[in-house]
Amino acid sequence: MIRACLIVLALLATTIMAQGTYAHGEAHQDHDDHVVEADGVRATHAWANATTGSTALVYVELENISESAVTLTGAETELAASAQLVGLENTGGELVYTVIPQMPIAAGSKMVLSPNGLAIRLEGLTAPLVHGEHFHIEIALGDVHLDTAVEIESATATQHSHAGHQH
Amino acid sequence: MNPLGPLYRAIEWMPIAAQDAVVLLVLLLPALVVGGLVIFGYRPFSLVRAMLWRFRWTNLLFIGLIAVSVGIGVGLIAQERGLRQGTARAADPFDLIVAAPGSEITMLFAAVYLQPSDVPLLSGDTYQSIATAENVSLAAPIAFGDSYNAYPIVGSTPQFVTHMSPALVEGAMFRGHADAVIGSGVDLTIGATFTPAHGVGDAVEHDAHAQFKYTVVGRMQPTGSPWDRSIVVPVEAVWEVHGLANGHAPERADQLGPPFDPDYFPGTPAVLVSAEQLYANYALRAQFQTAETMAFFPGAVLASLHGLMGDVRQVMSVMAVITQVLVTTGVLVGLVILMRLFARRLALLRALGAPSRFVFSVVWSYAATLIFIGAVAGVGVGFLAAAIISRVVTAQTDILVNATLSWPEFHLVAGFISLTVLLALVPAFIALSRPVITDLRS
């Protein structure tokens, strides 16, 4: 019985992985706007996990190539009622995301928003996030506003599918 | 994917407890609907009571099998959650760890859970840059490698001891290089002296530091972590014991704690860094994620590990339900055999004019009652199993694990009840299909 279950589980996993790979291959033929830059601030590889829920986390690599510090203050998107910067925090043994009102990024430094760390939390999503599609988000860094495309990766992805590529 | 996900999303506007209660009811709904349909219009319970009493020992055995199967399954699943919370609670005081580049998991185990590894040291200049960085409120070296009677000895600062235990339960903070503050679970008394052994584990060298003696001067509060079995000493003493400079220039050789002189700083495997604000901790992590240093949040590493455990939990839940259903199927097969003993009485009922549906409802209610009592008793067994396993895990790992059953386990039991009372329709159908005349003559 257990062997039969394991075989069924293995077959299911293979099918799911095969579906994931196929969708992944299709998604990135459509657009290649992984990098946006304005006033010495660069946003690369914005992505989120697919979900049908009402909240989602957006991850992105931010690089301050200017000569002065900038402050990440939040974001906006038409797809959600609110977007806030959050950071994972261990409070008494509970790992929870806490709102961070602002995040300074020193001149010449990089700030990576990634799973189990910093993220932009979208609440009140007005539509499901479908794997392979993308949506736009406006990231506010003081007076600088970066409008970038957010790739929707699979529900279990842990990084942007172009992570590690140089743009 | 969680099959209950769509249901949770539909009711996410409710308070959390109300959501869980609704999910419990939805999971029990198939059992309630089937029960309602089967017994609608009849009162089979006096006969069921008589059947339960007539074969009470056999019934107790069936109930016991179901209870143990359900109890151990939910107890183990609760344990996984308890272990996750326990490991995270143990890591709570460690906001940010800075170490030499390498494996975050190795350093997490070494610095937070006191499983020492041979790792490169951070230099005095690096420590200085960490300690003087903007927003740093605590930069405590964590220097491990020695032990006493299997208790790891860790060199650090008075500020670190205060960070781990804001007040001492007895004694006082160390004031001299040979003073030691012990964890709550260390079997030493205030005033006791001991000689550190070089290394940790089976390969310790007991005589390597024979010329040095520490004196216990204080005891920390319980932390629910391996630090309860640690001995914290001034980091200066750890360096001196190993024949190194003690972190301070000769004219300030008696100083304890920061500031350290980079020229006399022999090195430390890790530095615990803390800032008052969460954003500052993230900024410090970004600042010290360099070619020379690695900075990580133990909580983030744990979250990644827990993500993997989340998949294990789902597999465990599936396996638990499969095991429980298999045990219940065995019990139902036993019931089918038991029905042969009841066959003559049931045939008599039908010969006297009892409707087939009444006989069907009697047999189903009998089986469903065994399943329900077994499942409820299983919740009790689950609480007991979770408590016992927690004690064993705590004793084995020094991480305080307080596992107890909660809504996910109750949902699992509710799903089990619904699934198995549907299976209980089978013996009822079999009992009904038996030939009345033959059974009356048997």
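Which helices and strands each supply at least two residues of the lining of the second largest pocket?

Modeller: Keep in mind that this is a predicted model. Both chains take part in the answer. Chain A gives β8 (110-113). Chain B gives α5 (104-111), α9 (278-287), β11 (294-296) and α10. Each of these elements supplies at least two residues of the lining. The largest share is that of α10(B), with four residues.

Now the pocket itself. The second largest pocket has a volume of about 480 Å³. Its lining counts 20 residues, and the closest to the centre are Val112(A), Ser114(A), Glu104(B), Arg285(B) and Gln289(B). By class, the lining splits into 12 nonpolar, five polar and three charged residues.

Follow helix α10 of chain B next. The helix spans residues 298-351. Thr328(B) lies in it. The relative accessibility of Thr328(B) is 0%, so this residue counts as buried; the cut-off for that is under 20%. What does Thr328(B) touch, leaving aside its neighbours within four places in sequence? Its contacts are Ile66(B), Ile371(B), Phe416(B) and Thr420(B).

Helix α10 of chain B also reaches the largest cavity, where four lining residues come from this helix, the largest share. The structure holds one cavity of 30 Å³ or more. About 40 Å³ of space lies in the largest cavity. The lining is made up of Ala343(B), Leu346(B), Ala347(B), Arg350(B), Ala431(B), Arg434(B) and Asp439(B). Four of the lining residues are nonpolar, three are charged and none is polar.

Step back to the whole of chain B. The chain has 14 helices and 11 strands. Its radius of gyration is 31 Å, while the globule rule gives 22 Å for 442 residues; the value is well over the rule, so chain B is more spread out than a compact globule. Along the principal axes, the C-alpha atoms fill a box of roughly 110 × 45 × 30 Å. Of the 442 residues, 49% count as buried. Take the contacts in chain B with a separation of 6 or more: 77% of them join residues 24 or more positions apart. Chain B exposes about 20,100 Å², and carbon and sulfur atoms supply 63% of that area.

Some backbone details deserve a check by eye. Leu114(B) sits in the loop between α5 and α6 (124-131) of chain B. Its phi is near 55 degrees, a positive value in a residue other than glycine. Leu114(B) is buried, at 7% relative accessible area.

Ala150(B) also has a positive phi, near 75 degrees, and is likewise a residue other than glycine. Ala150(B) is in the loop between β2 (136-148) and β3 (151-156) of chain B. Its relative accessibility is 58%, so Ala150(B) counts as exposed.

Last, the peptide bond between Pro258(B) and Pro259(B) is cis, with omega about 0 degrees. Pro259(B) falls in the loop between α8 (235-241) and β10 (270-275) of chain B.

Methods: Residues numbered from 1 in each chain as written. Chains lettered and ligands numbered in written order. Predicted model: local features only at pLDDT ≥ 70, side-chain atom pairs only at ≥ 80, totals over all residues. Heavy atoms only, no water. 1 Å grid on protein atoms, 1.4 Å probe; cavity = no way out; pocket = protein on both sides within 12 Å on 5 of 7 lines; lining within 4 Å. Points joined across faces, edges and corners; volume = space filled by probe spheres on them. Nonpolar A, V, L, I, M, F, W, Y, C, P; charged D, E, K, R; others polar. Buried < 20%, exposed > 50% of the residue type's maximum accessible area, 1.4 Å probe, protein only. Contact = heavy atoms within 4.5 Å. Rg over C-alpha atoms; globule rule 2.2 N^0.38 Å. Areas by Shrake-Rupley, 256 points an atom, 1.4 Å probe, with all protein chains shown as cover.
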